[in-house]
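Subject: Structure handover and notes

Dear colleague,

Please find below the structure that I promised to pass on. My notes on it follow, and I would be glad if you read them with the model open.

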Amino acid sequence: MSEECTHDCSSCGSNCAERVEEQKNKDNYAGVKKVIAVVSGKGGVGKSMVSSLLAANFQKKGYHTAVLDADITGPSIPKAFGITERARGDESGIYPVYSKTGIQTMSVNLLLDDATDPVIWRGPVIAGTVKQFWQDVIWTDVDYMFVDMPPGTGDVAPT
């Protein structure tokens, strides 16, 4: 970064680390057009059901949809879609698992050896995992992404 940097990368020709990171992030998110979070302060009110039904209905209408299961300690999206396979990854990133109807999904239980294993992590680790699901998963051609949020107002919501 030059000493005269204004932090306005749109008017700058330099390839500083900040600009490279900004471009990397733009490339990662280019595959997702709209993001809709399903949120409630209380658990057990149907956030996962609403997220799943929205994704299924939008997919049925011809849109390409995805569900990011941000409820790390209570993941349920793969079960809602009958997904039992595990997510795969390589040096490019993590690939979402597709439902039978073509909905892209990512959930922590797609990465565990046993999908029923409990996830007992502290807030910052959970928030970091959700951030990785957004940044490191290779989402492709998604018109609408539905984010199934955890209950409450913990670390995940602001992240």
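In these notes, a residue is called buried under 20% relative accessible area, exposed over 50% and partly exposed in between, with a 1.4 Å probe and protein chains only. Please bear in mind that this is a predicted model, in which local features need pLDDT of at least 70 and side-chain atom pairs count only at pLDDT 80 or more, whereas totals for chains, interfaces and linings use all residues. Residues are numbered from 1 along each chain as its sequence is written, and side-chain values use heavy atoms, with hydrogens and water left out.

I begin with the aromatic residues, where rings of Phe, Tyr and Trp (for Trp the six-membered ring) pair if their centres lie within 6.5 Å, and planes under 30 degrees apart count as stacked, over 60 as edge-to-face and the rest as tilted. The structure holds five aromatic pairs. One of them joins Phe 58 and Phe 146 edge-to-face, at 5.3 Å centre to centre and with 75 degrees between the planes. Because Phe 58 lies in helix α2 and Phe 146 in strand β7, this pair ties together parts that are 88 residues apart in sequence (helices, H or I, of at least four residues and strands, E, of at least two are DSSP runs numbered from the N terminus). Phe 58 is partly exposed, with a relative accessible area of 22%, while Phe 146 is buried at 0%. Tyr 63 and Tyr 144 also form an edge-to-face pair, 5.1 Å centre to centre with 90 degrees between the planes, and this pair links the loop between α2 and β2, which holds Tyr 63, to strand β7, which holds Tyr 144. Tyr 63 is partly exposed, with a relative accessible area of 36%, and Tyr 144 is buried, with 16%. Phe 58, Tyr 63, Tyr 144 and Phe 146 together make up one aromatic cluster.

Turning to the sheet, five strands form an open, mixed arrangement in the order β1-β7-β2-β6-β5, two strands being paired if DSSP finds at least two bridges between them. β1 (32-38) and β5 (97-98) stand at the edges with a single partner strand each, so one side of each is left without a neighbour in the sheet. The pairing of β1 with β7 (residues 142-148) is parallel and runs over six bridges, and within it Ile 36 has Phe 146 as its bridge partner.

With kind regards
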